[in-house]
Amino acid sequence: MKVSAKDKGFKRFSVLILIILSLQILSSLGIISKMSFPSPLSVCAGIGELILTGMPPGYRLLTHIEESLVRVFLGFILALMTGFLLGIIMGWSKRVSFYFNPVLELLRPVPPLAWLPLSVLWFGIGIMSKSFLIFLGAFFPILVNTILGVNSIEKSLIDGCYSLGASRRDIIFKVVIPGSMPSVLTGIRIGMGIGWMTLVAAELTGVKSGYGLGYMIMTARDLQRIDLVVAGMVTIGIVGYLLDAGVRLVEERVLKWRM
Amino acid sequence: MKLIKNRLCRIILLIIFTFLFFCSSKEKHEDKVRLGYLDNDLHHLAAFVAIEKGFFRESGVDVEVAGVFKAGPEEMSAFGADALDIGYVGLAPATVAKSNGVADVKIVAQANCEGSSVVVGRDSAVTAVSGLKGKIIAIPGNGTVQDLLIHKLLDENRILDGVNIVVIKPPEMAPVLLKKEIDGFISWEPYPSKVENEGTGRVLINTGQIWENHPCCVLVVSKKLFMKSQKTIGGIVKAHIKATDYINSHPDEAAKIAEKYTGMNTDVIKSAMKRIKFVWLPDKKRAEDYISFLNKMGYIKEENSEKFLGEFIDESFCKR
Amino acid sequence: MSIFEVKNIKKIFQPTNNGASLLAIENVSFKVRAGEFVSIMGPTGCGKTTLLKIISGLEFPTEGEVSFDGQKVSSPKKEIVLISQSEDLLPWRTVTRNIEFGLEVRGVGREDRRKKSGEMIKTFGLSGFEEFYPKNLSGGMRRKVSFIRSVITDPAVMLMDEPFIFLDENTKDELQVFLQNLWMKTGQTIIFVTHSLEEAIFLGERIVVLSKRPSRVEKIYDVSIGFPRDRFEQEFMDIKREIGRELQRRDII
């Protein structure tokens, strides 16, 4: 089904709007009790309250978002640098991959949240203990997809370039790295997504600065403000969506040769 | 066509089974009364004693422990989800939950006064409250009694703006203090006594010194249970009063029970119990002060505190 | 004066798990002069690709040796370029940047590269396609770009392994003419492997015919028609019939 440029306006949101409308109607009619789930309108009001008054009172939404973004970016950048580098090396060298695989396969299934107690022990309650968990979440998708990307490059491409007189260094920088980009960018998108999701869990124990979206939601829950909890969730969803859209834009640029 | 029918049948069966599963997991123990309390909170000693000495059973009430929580707000969420019938919990989280419409509960008795402390690190240079300016202090959660008290303390000393208040779960407070990630914390007994006993910190000020005889924990019951059987409520409160009296008349035996439930050693328990006043009559006057503070902090919006408390607190069961 | 010497090449493949070893090439020898276009023709599976890989230095012979300019060939060299059957253009580079690849790895500066690639593009009729990505080119176009990017580095020898095998008939004809034109203009030494007799005759000055596996040199033919060649001309068709009949008798085709 071809989607024309015009369609990209509102049509894509039609199902979402339908769901929100139905929820509001059901809530207003009392079919969904306000205790089980706040109505979309009260969630909107909640977002307004979070922006103006904040949760806890005095700690406003925009600063929460800012702090969370900083933590996620820090963790993500670390994951990108290490995951990409290790991925290229492991994809290129069968020997390195042979020895490193067991270690990584053992660590991979452990969810970032399980590292929380250790992280607090090592890094305290500052930014690093949160970014560490986010790093763990983003690292594996980036690593795995980079290795995949390197391995998916056709041997004939590499042979042809050797034949043209390329050195091993040339091959790595001019063929392997650009060639693995489609997979790497997929890994980046997934890693960014998981990193952002890990955020709430990461901010559950002690946030020194008192700011962070996960922390804000926990506070709202402590103060029994479910409408603000959902407003916080909606905010997390929106920011996550925007982050993903950002990566997709970069992807389109870098991978325009695939269009 | 057959393939589609087959798959459709399987999907329908799956949905039915999932539905049945959820229905069955909501089965209630119709006759048991579900009790909740806080992990390692010595304020709830009456609950431990009442269970150990069989006071609930004597009053004809079948009580089972349905939840142990890390902080008050979590316990109130459980009330909201209809997972508890009665509970020992801080007055502040109970008030916030009731006022914000999450848990419909009634206070039928009080559990204690005072019994929390502000603790600083053993090597800390802070000797007076004013020394807390510019420091980082941990509380067990927003909307807890400790949150309220630390705000009161700092506000009265005019240093509220200069202090960074962080939320950390009580078991983690001591390790984080030791790492010097925070400069101090305020928590319920026996944590302050434990930290003193281990030599990792010292008490700066007891909450009793911040606000004399301030109510702390209360005994709440769900509105549902309240409407169902007044007789049961009567039995529960009777057991609670008996347990409270026992603590005050037989402190050593009570201490042994406390050791069993908290896992902490005798010295810590003895020291902790000294700082707690175990009572049972609700303090309506001071509860009004709670409401003013919670309003001021922006946690609740209760304009008519008298009307609210009239509905919230029921002392009629409190008689020997 | 021969620039390339293939001497008594023998290749046995060792089995990996079970089964006997495979004798792919029994004994192949021939010489190539500078600037010559030599076709190597043989039935499918006779080891043509393996032979070419050995010549290019990507594989080792079990016996025998290949010498280039008097020196033994044991690894890929900058002066020997191999064009394989499969797609070898870098998909993320434009036509221009693909063509410039060989110059890039030789350290040629940007301006010089642009100049040279621009000339090549114009000379061989690719104007207008400079900024295209391989994905948006036809199969035939991509092959043309492959040739140009190999020839721009001015190699001593170009090895080609059935480069037109995946193209349709019309494109094949077009590319054969293109290649012949390119060879006439640049004077490269070219060794061209194919299974098609007509292709071998159209392009080559000499044809080295290989037997079925294990391969030996069956016969080396001289094709003395002038260039550029016309496949519908009488002379061409006569030679094709002559060689074809003989190879049929020898059970090569």
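## Sheets, domains and contacts in a predicted model

Strand E1 (residues 33–38) of chain B is joined to strand E3(B) by 2 bridges, and the two run parallel. Strands, of at least two residues (E), and helices, of at least four (H or I), are DSSP runs numbered from the N terminus. Two strands are taken to pair when DSSP finds at least two bridges between them.

The model is predicted: local features need a pLDDT of at least 70, side-chain atom pairs count only at pLDDT 80 or more, and totals for chains, interfaces and linings use all residues. Residues are numbered from 1 along each chain as its sequence is written, while chains are lettered from A and ligands numbered from 1 in the order in which they are written.

**The sheet around E3(B)**

Strand E11 covers residues 217–222 of chain B and runs antiparallel to E3(B), with 5 bridges between them.

E4(B) pairs with E11(B) in the antiparallel sense over 5 bridges, and Val105(B) has Ser222(B) as its bridge partner in E11(B). Two residues are in contact if their C-beta atoms, placed from the backbone, lie within 7 Å.

**A second sheet in chain B**

Another open sheet of 5 strands has the order E8-E7-E9-E6-E10 in chain B, also with mixed pairing. Its edges are strand E8 (164–167) and strand E10 (201–206) of chain B; each has a single partner strand, so one side of each is left without a neighbour in the sheet. Neighbouring strands here are turned by 30° against each other on average, direction ignored. Strand E7 (residues 136–139) of chain B runs parallel to strand E9 (residues 184–188) of chain B, and Ile137(B) has Gly184(B) as its bridge partner in E9(B). Helix H7 (residues 170–178) of chain B packs on the sheet and touches strand E6 (116–121), E7, E9 and E10 of chain B; its direction makes about 155° with that of E9(B).

Pairings described for both sheets:

| Strands | Bridges | Sense |
|---|---|---|
| E1(B) and E3(B) | 2 bridges | parallel |
| E3(B) and E11(B) | 5 bridges | antiparallel |
| E4(B) and E11(B) | 5 bridges | antiparallel |
| E7(B) and E9(B) | 2 bridges | parallel |

**Domains of chain B**

Chain B is divided into domain 1 (33–113 + 214–312) and domain 2 (116–210), with bounds from an automatic or database domain assignment. The C-alpha centres of domain 1 and domain 2 of chain B lie 23 Å apart. Their contact takes 29 residues from domain 1 of chain B and 21 residues from domain 2 of chain B. On the domain 1 side, the elements giving two or more residues are helix H4 (72–80), helix H5 (91–99), helix H13 (266–274) and helix H14 (284–296) of chain B. H13(B) gives the most, with 5 residues.

**Between chains**

Among the 2 pairs of chains that touch, chains A and B have the most contacts. Chain B and chain C do not touch, and their nearest C-alpha atoms are 40 Å apart. The contact of chain A with chain C takes 16 residues from chain A and 21 residues from chain C. On the chain A side, helix H7 (155–163) and helix H8 (168–202) of chain A are the elements giving two or more residues, and H7(A) gives the most, with 7 residues.

Note on methods
Axes fitted to C-alpha atoms, helices over the stretch in contact; angles between N-to-C directions.
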